[in-house]
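Please read the points below alongside the sequence and the model.

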Amino acid sequence: VQLQASGGGLVQPGGSLRLSCAASGSILSINTMGWYRQAPGKQRELVAGITSGGSTSYDDSVKGRFTISRDNAKNTVYLQMNSLKPEDTAVYYCNAAGYRLMGTNYMSWGQGTQVTVSS
């Protein structure tokens with residue numbers, strides 16, 4: 001299962017960006033999808049996650065500013081990021097886990113997309 005992320009870029013503090021990540025391949029189900037980020041010199045951390053039923057979770061640092069959503073028909077997850085801060089600067093990775101058509105499970109990562117918040 002492959003994940004293709006897009007939507008990163010350079011934005012001023014207080015601005016907004018929307019990330020997208022589309023899954024493709026031999027997919028039977030996508031149980032969970034999420035967004036992680038990794039800043040220079042730091043470990044990768046979970047930003048937001050969403051289940052197939054639509055339940056969401058967020059890191060405290062982004063609550064009220066970021067919104068995760070998914071379109072199950074398109075196998076796509078989104079991350080709407082508002083009120084961006086310089087500390088949100090990082091490479092953002094999407095993640096998906098579920099089952100392939102043949103019944104085996106998978107956990108896949110996207111290629112990463114750079115988000116830079118700077119004036």
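Cys-21 is buried in this predicted model, at a relative accessible area of 1%. Cys-94 is buried as well, at 0%. These two cysteines form a disulfide.

**Disulfide**
- The structure holds 1 disulfide, and the sulfur atoms of Cys-21 and Cys-94 are 2.0 Å apart.
- The disulfide is right-handed because the torsion about the S-S bond of Cys-21 and Cys-94 is about 55 degrees.
- Cys-21 belongs to strand β3 (residues 17-24) and Cys-94 to strand β9 (residues 90-100), so the bond ties together parts that are 73 residues apart in sequence.

**Aromatic pair**
- Searching the whole structure gives 1 aromatic pair.
- Its members are Tyr-36 and Trp-109, with ring centres 4.9 Å apart and planes at 65 degrees, so the pair is edge-to-face.
- Tyr-36 sits in strand β4 (residues 27-38) and Trp-109 in strand β10 (residues 105-109); the pair therefore ties together parts that are 73 residues apart in sequence.
- Tyr-36 is partly exposed, with a relative accessible area of 23%.
- Trp-109 is also partly exposed, with a relative accessible area of 34%.

**Charges over rings**
- Arg-44 lies over the face of Trp-109, at 4.7 Å from the ring centre; Trp-109 is also the partner of Tyr-36 in the aromatic pair.
- Arg-18 lies over the face of Tyr-78, and the distance to the ring centre is 4.1 Å.

Note on methods
Residues numbered from 1 in each chain as written. Predicted model: local features only at pLDDT ≥ 70, side-chain atom pairs only at ≥ 80, totals over all residues. Heavy atoms only, no water. Disulfide = S-S within 2.5 Å. Helix = DSSP H or I, 4+ residues; strand = E, 2+ residues; numbered from the N terminus. Buried < 20%, exposed > 50% of the residue type's maximum accessible area, 1.4 Å probe, protein only. Phe/Tyr/Trp six-rings, centres within 6.5 Å; stacked < 30°, edge-to-face > 60°. Lys NZ or Arg CZ within 6 Å of the ring centre and 35° of its normal.
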